[in-house]
Amino acid sequence: MNPVVLIPARMASSRLPGKPLADIAGVPMIVRVWQQARAAAIGPVVVAAAEAEIVRAIGQAGGHAVLTDPGLPSGSDRVFQALMDFDPAGYHDVAVNLQGDLPALDPGAIRAVAAALRAGDADIATLAAAITDPADFDNPNVVKPVVAWAPDKQTGRALYFTRARAPAGDGPLFHHIGIYAYRREALARFVALPPSPLEQREKLEQLRALEAGMTIAVARVDQVPLSVDTADDLAKARALLGAAS
């Protein structure tokens, strides 16, 4: 397998406008994510940018960014367009879709999602971590994967994703981490599909793949990375990474 990491980024975030260029200890957030992706060392890293200012920021850091159509409906569409621009010949057979708001991400998580795809025959792979805070069991902002785990409890197959508490009964619940590794042909198929009924109901794009019969492997990791979605999250990232620098 020959992966490429693609990081979709756009300035028009509803909860934190301009967040790709938000300063975190002197470094734009998107640059920090790009640095963590490079540290994973699984393949080239490309930022799929909706605006020219993001392209400039990555270029100034020594990276590569592709300007994508700002009217694209999702990050997955942005990733696919960037993949076709960067690698039209199809040299890279796996596309890792890494969110651009994970500035403190452990590079090992990127390696883990690529390894999960490599280990089996799934179309897509993603990550999950056990929920440790009971307040998150019923939090609709915490997406829960329902997984048929292998005997080792470290890998499995996604049966569903939901914002509700699931599955019922005793046992651990898991927090979905929205990093994906796609086989190239699976990504092409996925972005060509129309939004599905369950996707629209739960507001979860990965349900489109499951409704279309695509398979999603899940690898378990130890912790959920800090995702910067709000001003409070940004303050946490600045405190964390400022202290580390």
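**Reading cavities, cores and salt bridges**

Analyst: The structure holds 1 cavity of 30 Å³ or more. The model is predicted, so local features need pLDDT of at least 70 and side-chain atom pairs count only at pLDDT 80 or more, while totals for chains, interfaces and linings use all residues. Residues are numbered from 1 along each chain as its sequence is written, and side-chain values use heavy atoms, with hydrogens and water left out.

User: How do I read a cavity, and what volume does the largest cavity have?

Analyst: Rolling a probe the size of a water molecule over the atoms shows where empty space is left. On a 1 Å grid over the protein atoms alone, a cavity is a set of points where a 1.4 Å probe fits but cannot get out; a pocket is an open set with protein on both sides within 12 Å along at least five of seven lines; lining residues have an atom within 4 Å of a point. Grid points are joined across faces, edges and corners, and the volume is the space filled by probe spheres set on the points. Here the largest cavity has a volume of about 40 Å³.

User: Which residues line the largest cavity?

Analyst: Its lining consists of Ile124, Tyr180, Tyr182, Phe190, Glu205, Gln206, Ala209 and Ile216. At least two lining residues come from each of β10 and α7 (206-211); helices (H or I, at least four residues) and strands (E, at least two) are DSSP runs, numbered from the N terminus. By class, the lining has 6 nonpolar, 1 polar and 1 charged residues. In that count, Ala, Val, Leu, Ile, Met, Phe, Trp, Tyr, Cys and Pro are nonpolar, Asp, Glu, Lys and Arg are charged, and the others, Gly among them, are polar.

User: What lines the second largest pocket?

Analyst: The second largest pocket holds about 220 Å³ of space. It is lined by 15 residues, and Leu105, Asp106, Gln223, Val224 and Pro225 lie nearest its centre. Helix α4 gives the largest share of this lining, 3 residues. The classes are 11 nonpolar, 2 polar and 2 charged residues.

User: How is a nonpolar core read, and how many residues has the largest?

Analyst: In soluble globular proteins, nonpolar side chains tend to be buried together. A nonpolar core is a set of buried Ala, Val, Leu, Ile, Met, Phe, Trp, Tyr and Cys residues joined through side-chain atoms within 4.5 Å. Buried means under 20% relative accessible area, exposed over 50%, and partly exposed in between (1.4 Å probe, protein chains only). The largest core in this model has 47 residues, and Val5, Ile7, Val47, Val96, Leu98, Ile110 and Ile179 have the most contacts inside it. Helix α1 (residues 29-40) provides its largest share, 7 residues. Apart from this core lies another, of 30 residues, among them Ala82, Leu187, Leu207 and Leu210.

User: Which residues is Ile179 in contact with?

Analyst: Contact means heavy atoms within 4.5 Å. Neighbours within four places in sequence aside, the partners of Ile179 include Val96, Asn97, Leu98, Leu102 and Leu105. Asn97 sits in strand β6 and is buried at 7% relative accessibility. With residues up to four places away left out, Asn97 touches Leu6, Pro8, Gly75, Ser76, Val79, Gly178, Ile179, Tyr180 and Tyr182.

User: How many salt bridges does the structure hold?

Analyst: A salt bridge is a side-chain nitrogen of Lys or Arg within 4 Å of a carboxyl oxygen of Asp or Glu. The structure has 6 of them. One joins Asp101 and Lys19, at 3.0 Å from N to O. Asp101 lies in the loop between β6 (94-97) and α4 (107-118) and Lys19 in the loop between β1 (3-9) and β2 (23-24), so this pair ties together parts 82 residues apart in sequence. Both Asp101 and Lys19 are buried. Lys19, Asp101 and Asp229 are linked in a network of salt bridges.

User: Which residue forms a salt bridge with Arg165?

Analyst: The partner of Arg165 is Asp138, with the closest N and O atoms 3.4 Å apart. Arg165 lies in the loop between β9 (155-162) and β10 (174-183) and Asp138 in the loop between β7 (124-130) and β8 (144-149), so the pair ties together parts 27 residues apart in sequence. Arg165 is partly exposed at 48% relative accessibility, and Asp138 is exposed at 52%.

User: Is Arg208 buried or exposed?

Analyst: Arg208 counts as buried, at 7% relative accessibility. Its side chain meets that of Glu205 in a salt bridge (3.9 Å, N to O). Glu205 is partly exposed, at 23%, and it is one of the residues lining the largest cavity.
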